[in-house]
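Welcome, and thanks for taking a look at this model with me.

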Amino acid sequence: MYPNILRHPGPTPIPKKVQLAMNQDMISHRSEEFVQLYRKTTNRVKPIFGTKQEIILIPSGGTAALEAVAVNTVSPGEEVVVITVGAFGNYFVSICEKYGFKVHKLEKPWGEACTEEELSEFLKSLTNVKAVFATYNETSTGILNPVNRLAQVVRTQTDALFIVDGVSCIGGAPAEMDQWGIDILVTGSQKAMMLPPGLALLSVSDRAWKVIEKNQTPSYYLNLLSYREWAEKGMTPNTPAVSLIFGLSAVCDLIEEEGGFSQTVARHELMKNMVRQAMRALSIGLLTADEYASPTITAIKAPEGLNLGEFLGHLKKKYHLDFAGGLGHLQGKIFRFGHMGYCFPSDILQAVSLLEAGLQDFNYSFEPGAGVLAAQKVFLAAQQK
Ligand SMILES: *Cc1c(COP(=O)(O)O)cnc(C)c1O
């Protein structure tokens with residue numbers, strides 16, 4: 001009966017308008033109607049990526065798109081750098097190792113970002129790197145890597161491609177792929193894009209297409225050249241996720257309704273600040289420094305003296321408030337408060353209020369209302385601007 005308040009980093013809540021759009025009657029993916037839908041929708045997604053390049057749509061989860069961009073750009077035996085600051089950064093490590101690429105791993109402790117100085121130092125000893133892989137938003141820790149500045153370092157010090165996993169932030173974080181010098185940017189549907197799982201989106205720079213044209217690693221379903229060839233005709237090589245593309249079109253309508261993508265980005269920034277100030281007011285620790293804090297997900301330390309597993313279970317059972325736990329060695333130590341996609345300041349006020357109710361149930365020592373008040377102050381200050 002009660003709705004589940006899904007404050008996860010994906011899948012995330014779906015707007016009603018998007019649900020209804022996905023319920024439309026099916027059309028053929030070789031019809032003129034589809035071509036129009038495809039062309040119009042992919043054009044409207046470009047500002048979300050900050051690119052003038054084509055948006056490629058793969059009917060898959062985010063991981064398949066990560067695999068696609070790796071196999072299409074690098075050949076076995078070639079050298080790559082993978083920047084990893086958490087569980088999702090390790091995806092690119094695993095993919096590259098599986099395909100026999102020579103991986104130089106730039107690893108940071110979970111909860112930290114990779115800075116441009118660190119990347120610059122790391123690249124100094126390497127002379128033959130074909131690609132540098134990075135995560136924009138590390139979903140396991142709530143870290144937003146400074147990919148704009150990392151791109152600069154890659155561009156000035158190497159001829160390598162800079163390939164970015166933006167799965168858990170594109171749609172909620174600023175992205176200027178062309179201007180920043182990102183060669184490939186990847187995202188998935190079920191995180192900040194307000195869609196169900198099953199659609200991956202990516203875009204490729206001219207520089208990267210030249211590399212892809214010469215690449216020798218075999219691929220069939222994930223061959224990006226065939227996606228490009230079909231995209232020129234306004235279609236995809238195989239049957240696309242037609243319903244999700246109907247949904248994507250509705251997502252673009254909603255962003256337009258909000259006042260354009262910069263407003264969407266501003267809303268995520270505001271929600272991030274509301275959550276962080278609320279936790280501070282409750283004396284609950286944050287895993288990350290403000291400077292690198294994610295606008296789409298906040299990693300929060302276990303409130304002092306509480307069994308986190310029991311606490312999260314209680315919030316879910318009694319208040320239908322569903323937070324994500326920690327991954328790997330952070331399990332039981334942090335929880336993750338998702339605020340991406342179809343999420344608003346009002347949802348933050350609701351979640352913080354219910355979190356406080358749970359804290360009272362567990363006799364955590366704090367001033368009731370302090371978290372809500374802090375979040376509300378951030379919210380009101382933003383309204384006055
Ligand atoms: C969720 C996520 C992925 C994996 O996406 P799937 O759709 O689960 O395959 C990859 N990278 C990041 C940063 C993610 O958050």
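How far does a polar side-chain atom of Thr-63 lie from an oxygen atom of the ligand? The distance is 2.5 Å, and it counts as a polar contact, a pair of N or O atoms within 3.5 Å. A word on the basis: this is a predicted model, in which local features need pLDDT of at least 70, side-chain atom pairs count only at pLDDT 80 or more, and totals for chains, interfaces and linings use all residues. Residues are numbered from 1 along each chain as its sequence is written, and side-chain values use heavy atoms, with hydrogens and water left out.

| Protein side | Ligand atom | Distance |
|---|---|---|
| Thr-63, polar side-chain atom | oxygen | 2.5 Å |
| Asp-165, side-chain N or O atom | nitrogen | 2.6 Å |
| Gly-62, polar backbone atom | oxygen | 2.8 Å |

On its own the ligand has 380 Å² of accessible area, and the protein covers 87% of that (Shrake-Rupley method, 1.4 Å probe). Around the ligand there are 14 residues, of which Thr-63, Thr-139, Asp-165, Gln-190 and Lys-191 come nearest; a residue is near if one of its heavy atoms lies within 4 Å. This shell divides into four nonpolar, eight polar and two charged residues, where Asp, Glu, Lys and Arg count as charged and Gly is among the polar ones. Helix α3 (residues 62-73) gives the most to the shell, three residues; helices are DSSP runs (H or I) of at least four residues, and strands (E) of at least two.

Now to the helix pair. Helix α11 (residues 261-281) and helix α14 (residues 370-383) pack at about 150°, their axes 7 Å apart; axes are fitted to C-alpha atoms over the stretch in contact, and angles run from 0 to 180 degrees between N-to-C directions. Residues in contact (heavy atoms within 4.5 Å) include Leu-270 and Met-274 in α11, and Val-378 and Phe-379 in α14. By class, this contact has ten nonpolar, four polar and no charged residues.

Lastly, the backbone. The Gly-10 to Pro-11 peptide bond is cis, with omega near -5°, and Pro-11 sits in the loop between β1 (5-7) and α1 (16-22). Ser-283 is not a glycine, yet has a positive phi of about 55°.

Conventions
Polar contact = N/O pair within 3.5 Å; in protein donor to acceptor, adjacent residues only side chain to side chain.
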